[in-house]
Amino acid sequence: MDSLRRNQYLQAIGVDVWVPRRGAAATSIAVASPAAEATPAIADSAPASDGPLPSPLEVGMAAGGADVVSPIAAPTVTTWESLRAEVLTCTKCTLHTSRTQGVFGVGNREARWLVVGEAPGAEEDRRGEPFVGRAGHLLDAMLRAIGLNRANNVYIANVLKSRPPGNRDPKPEEVAACLPFLMRQIELLKPRVMLAVGRIAAQNLLATDAPLGRLRGKVHHFGELNTPLIVTYHPAYLLRTPSDKRKAWEDLKFARSVFRALTTT
Ligand code: SF4
């Protein structure tokens, strides 16, 4: 992506872009502080945690202390379409009584990036697609800022496939019922990098109750394939707290650097 388009996307997500004064190098458009622009080291350390949540996932500790989260259930033989049909007809938790429809996921089923959010909101429940509406537009802008889009090179899914009434936080029993669907999506997709957006997605994927601020800025590893997982803010939160958009941009650059390190070695 050329710098002009990237800056247009950054402006679209509300991140200030500074253009150098005349006389500076034409290509040195600073988006963040010079120190922050440097490619961060990939920290392969375990996230700090205040203690494990009751979780539907089993958490194993790999040698060296890095978190490895493994699904309880062995994956069953699944195709995308059979799994989608299961989700759309699922009655495993009470959310099926209040939803308009299940929201399975969207994007390229061969993508190397997986974005995981929390649960459908009102607009997603109505349209049957994750991350639509204002938060969805912001997520799209965030992804475009690092050269990604949901049509081509990203798959997007939520921890919960049905909308919690009033957009309340998911209950543990709802997550326990629904998370196997996400696990099977991950099994099918085999992403190279996962991006957990928001506290709920991050805490449930990592089986921790550590605050989001302590989960950002490091590489976690997910599942038996040790898939790198990066944590950032949910776009709905960023709409309410635009001052944190710059931190989200740092997270996205960090995730991009992790992906590049993986795919260029
Ligand atoms: S939230 Fe998940 S487990 Fe609950 S009814 Fe919807 S699809 Fe089924």
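The shell is made up of Cys 90, Lys 92, Cys 93, Leu 95, His 96, Arg 99, Lys 161, Ser 162, Ala 177, Cys 178 and Phe 181 (each with a heavy atom within 4 Å of the ligand). Residues are numbered from 1 along each chain as its sequence is written, and side-chain values use heavy atoms, with hydrogens and water left out. As the model is a prediction, local features need pLDDT of at least 70 and side-chain atom pairs pLDDT 80 or more, while totals for chains, interfaces and linings use all residues.

As for where the ligand goes, it sits in the largest cavity, with more than half of its atoms within 2 Å of the grid points. A cavity is a set of points, on a 1 Å grid over the protein atoms alone, where a 1.4 Å probe fits but cannot get out; lining residues have an atom within 4 Å of a point. The count comes to one cavity of 30 Å³ or more, and the largest cavity holds about 100 Å³ of space (the volume filled by probe spheres set on points joined across faces, edges and corners). Of its 14 lining residues, Cys 90, Cys 93, Arg 99, Ser 162 and Cys 178 are the closest to the centre. Helix α6 (residues 172–189) gives the largest share of this lining, three residues; helices (H or I, at least four residues) and strands (E, at least two) are DSSP runs numbered from the N terminus. By class, the lining has eight nonpolar, three polar and three charged residues.

Then there is the largest pocket, with about 560 Å³ of space. A pocket is an open set with protein on both sides within 12 Å along at least five of seven lines. Of the 25 residues lining the largest pocket, Glu 118, His 234, Ala 236, Tyr 237 and Arg 240 lie nearest its centre.

On to strand β6 (residues 193–197), where five of five residues are buried (under 20% relative accessible area, 1.4 Å probe, protein chains only). Val 193, Leu 195 and Val 197 point one way from β6, and Met 194 and Ala 196 the other. Strand β4 (residues 113–117) pairs with β6 in the parallel sense over four bridges (pairing takes at least two DSSP bridges), with Val 116 opposite Ala 196.

Key:
Nonpolar A, V, L, I, M, F, W, Y, C, P; charged D, E, K, R; others polar. Buried < 20%, exposed > 50% of the residue type's maximum accessible area, 1.4 Å probe, protein only.
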